[in-house]
Amino acid sequence: MSGAGSTSSVALRPWPAPTKDVIPPYELHPLVDRLAIERGGGYLRPITEKSLQDQIDAGKCVEAEIVHGVEKSPKNDAPTRQERFDEIATTQQKMFASLNWAGFYASNALDLVAQLLSTDTARNLDASFTKGYKSMEVPKGSFGLHREPPPDTLDERDEQERRQEKEKKQQLVARGSRMEALEWSTNCFLKAASQLEGEVRRESTYWNEVISISEKGWPLQRFRREARNSPFAVRYGFPEASDHFKARGLAPLRMDKDGGIILDPALALKPKTLRVRLSDNGKDVGTSCLSAQGLSTDVAVEKSIQLARDSLFEEEIYHEMSLETRKLLAYGVELRNSVIQILVPGSNQGISSRKILIDCIPRDDDALGYQNQPDDWLAQNVAEALRLLLNHEHRMRLFRRSQLPLPLTQKKEARSSPPLLRTLIAILGHLNAVDSLQAYLFRLAGTLNSAGLTVSLHTTRETSWVRLTNMILESERKDLAAIDQLLEVFSKPFSGSATLSLPSSELQSEKITIATRTYIGPPSFGAEYKVTLPPSIISVLNISQDMAREFKFSSVDEVKSYLNWILSLDLSHSLIKQQYGRRATNMSKEPRVSIFDKDGKRGSYKDVAVHITDGRLSAAVVNNDPSGNVAAQHEFSWEGTTERRPFKDVLKSWLG
Amino acid sequence: MHELLLYGQVPLSRHEQVLKVLAGVAAMQPRRILQRHIIYKPDREPEEAGLNRPRGGTQTIAVKQTKQVGSKDLNYCQLIQQLSEDEFGNPSKGPPVHGGGAGAEAKWTLVFNDTPDTGDRGVLTRLSQNTDIISGDPHAYMVAARHQFVSEYYIEGHRFVHENVVILLHRVLHEPGVRSLATAPKDDLPAFSSLQPLDSSGGYILETKIRVQDLNHPAVLEAGVSELKRFQTQMKGCVELSEPERLALDTRVKYKPQTT
């Protein structure tokens, strides 16, 4: 509208309707609506005839204006304007009509869809229906839907061909996938079969080995782990071992990839063995060697089980001994650098430089005795003895356990360690004590015999060792095996005995008895000598008859010196007195006799002193001088070699 | 000393199995036990109960009530002889009463078991005194001690020791036949095959026992009772151990009224 300015307000109003005198009521309603909307914003109250009239008067009637405006514009615009108006009106009507139709179709479609969907009562579709549709009150769900190909297809044959092709394609595809699936399944079966075969082979080797182990006597038990590859475990430890070692004595039998058996934990630690060495002044003079292996025909697993058991046993020996060393420090036993060092009791002044060294080394070490040293036999014996003793201790544990237990009291029993080292030290100490004593006694007897004084000597190294066979034969204890009864002897104190008859006694009836008793513990704490004197010497010593005639000594040297003194006393006071009768008097407690010698007019006293030292008997005639001035006039000594003049003859030659 | 006891029953069909289970539990082989039990009764007849209490009124002046002492019970006691298999059926080498040398366990034992105590400890408690007889004639001793022979029976079974518990799986055998005229135990033992079980089904009894020196120490007693109960739960499922009725083990001599 180029004519009207852009700023001027344009009021669109409907084409003036033909005026009618009577407006039918159905035409009045839209008029009233329009009125209400145009003026007064929806309310009709301020609109009265008077206000309308006022508005007309005030010139609000634009109709005329427009008409005027139309008329004022130049005439040549009027037809275009008119046409334009017509055009606009027609297009407006068309637009309106098409919009109405569009709305109609859309609402129809919406109604149709909503009706179709109304079968589903859960949906709330009230808002989707139009008002007109709702007023028809079509029942819900009364429309159904069925899809089918459009009835009027273009070409029947084309359609059929297409269908056939599709079917063929589908069949091919189906066949192809079936073949693939069958192939895959056969592959699976083959794989499964081969795997099963392998498993069967593995299992049969495993079970064969398990059966062979069980037949050899090893106890098997079920292992608690549910793992497939180790259902069994072999208990290779000793059943009576002490706590820690008993727990270690179990090895699960694991299956490896070929079905053979691996012993799990045994491989982790190297097998150990006990090594005993003897050393003199620090130099090795003897070593024990490896214990014997099993038969070579055994299966590898059994060999490793045996190795494991042996190694555990040796470790147990070492462990028990190292616990024992703590109590045996007083006997010269030490644990240094994990080596147990034992001082061997020797003959000179008690302690020699000989030591026993015991340690537990891995089996593969080459340091085990192949060097053929001089004292290998002793080291080997010591090692074997220790093993025997621990075995014995195991059996004794079972024996003690099977006895009727004592009634319960408040006292708790302390469990002492097995007597391995104690027995070893006791044996070595006892042998040393007895041997040193016996050596001296033999020497003494030889000396006295060579002096023409007959003495008899009987010695026993250990009283119960002598009677061992008889003891086993006569034993009535059926509940303890013979070997255990034998070894029980070694846990008890040892006692050896020696009897020496007095030289002054005829028929050798008076005997000195020396009992050697060895026990590691109270009361002797080692070796102890008990000397029992015969009655005849008691009177010499001025001991009253009812006092005990026993004396205890703790070392060989003391016994030796005491024996020397007793024998010399016996020789002087008893023998010489017997020989010389009234002529002999003894003045003191020393082994000295005064012999009255009828030399010349007034007799003089000659003192004969008898002295025994270190296996040598010596007699001397000394001055009658009790103050100790021992200038000897005559002297003679015997040493144990033969062909000497008898004692009595020598004395006769001096004294007449 | 006192004994804490629990008993269980094992039918003959399960004897082997239970023996193996017990060997596993105790970790030792069963030790065969054969015993002969000889029962003795005191010569003195028990008095009628209640006789020594005064009945009725008295005409004495009221004096201090002296305590009425109930008459002491008389109990049966037993001599137990340990036997071995080869002693059955052999003519005995002399009267079977001389004790041999010092064996590990004495051949003859004099056993006195008191009536079990009342009380609800869960286990049966009784005083028991065992005296080993080393030498001499036990029967002559019992006769001199004014006891008379009642009867004898045999026990065969196996014994295990598990820590402090003594387990005895045994059954009673006797010689069938009339023996009421015997006044002394037999010198010759009968053949083992002639003995028959007292319980004709051949069932066994499992006796578990802990010996306690003294009931006065509650800690020791508790330890013993709890150990026995632990063993009971350990054997659950295999053998049911329970506390038997106390009066079933009553060893008192009952009063028999004289029938004129």
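Modeller: Start with helices and strands: both are DSSP runs, a helix being H or I with at least four residues and a strand E with at least two, numbered from the N terminus. By that rule chain B has three helices and ten strands. This is a predicted model, where local features need pLDDT of at least 70, side-chain atom pairs count only at pLDDT 80 or more, and totals for chains, interfaces and linings use all residues. Residues are numbered from 1 along each chain, chains are lettered from A in the order in which they are written, and side-chain values use heavy atoms, with hydrogens and water left out.

Colleague: What pattern does chain B follow along the sequence?

Modeller: Chain B reads β-α-β-β-β-β-α-β-β-β-β-α-β. Chain A comes to 17 helices and 19 strands.

Colleague: Why is A:Thr518 called buried?

Modeller: Buried means under 20% relative accessible area, exposed means over 50%, and partly exposed is in between (1.4 Å probe, protein chains only). A:Thr518 has 2% relative accessibility, so A:Thr518 counts as buried. A:Thr518 sits in strand 12 (residues 511–519) of chain A.

Colleague: And what makes A:Lys577 partly exposed?

Modeller: Its value is 34%, so A:Lys577 counts as partly exposed. A:Lys577 belongs to helix 16 (residues 556–580) of chain A. Between the C-alpha atoms of A:Lys577 and A:Ser594 there are 9.5 Å in space, and 17 residues in sequence.

Colleague: How much of each chain is buried?

Modeller: In chain A, 34% of the 656 residues are buried. In chain B, 40% of the 260 residues are.

Colleague: Which residues does A:Thr518 touch?

Modeller: Contact means heavy atoms within 4.5 Å. Leaving out residues up to four places away in sequence, A:Thr518 touches A:Ala426, A:His430, A:Pro493, A:Phe494, A:Gly526 and A:Ala527.

Colleague: What makes the pair A:Thr518 and A:His430 a polar contact?

Modeller: A polar contact is a pair of N or O atoms within 3.5 Å; within protein, one must be able to donate a hydrogen and the other to accept it, and residues adjacent in sequence count only if both atoms are side-chain atoms. The side chains of A:Thr518 and A:His430 make such a contact at 2.7 Å.

Colleague: How do you know that B:Arg32 and B:Glu156 form a salt bridge?

Modeller: A salt bridge needs a side-chain nitrogen of Lys or Arg within 4 Å of a carboxyl oxygen of Asp or Glu. The N to O distance for B:Arg32 and B:Glu156 is 2.9 Å. This pair links distant parts of the chain: B:Arg32 is in strand 2 (residues 31–42) of chain B and B:Glu156 in strand 6 of chain B, 124 residues apart. B:Arg32 has 33%, so B:Arg32 is partly exposed. B:Glu156 has 5%, so B:Glu156 is buried.

Colleague: What distance do you find for B:Glu152 and B:Arg36?

Modeller: Their side chains meet in a salt bridge at 3.0 Å, N to O. B:Glu152 lies in strand 6 and B:Arg36 in strand 2 of chain B, so the pair ties together parts 116 residues apart in sequence. B:Glu152, at 9%, counts as buried. B:Arg36, at 1%, counts as buried.

Colleague: What about B:Asp250 and B:Lys254?

Modeller: Their closest N and O atoms are 3.8 Å apart, and they form a salt bridge. B:Asp250, at 18% relative accessibility, counts as buried. Over all chains, the search finds 27 salt bridges.

Colleague: How many salt bridges and polar contacts cross the interface of chain B and chain A?

Modeller: The rule finds zero salt bridges there. It finds three residue pairs in polar contact, both residues at pLDDT 80 or more. Strand 6 (147–162), strand 9 (204–212) and helix 3 (218–234) of chain B each give two or more residues to the side that touches chain A. Strand 9 gives the most, with three residues.

Colleague: How much area do chain B and chain A bury between them?

Modeller: Buried area is the accessible area (1.4 Å probe) that two parts lose on being put together, summed over both. For chain B and chain A the value is about 1600 Å², 57% of it on carbon and sulfur atoms. The contact takes 20 residues from chain B and 14 residues from chain A.
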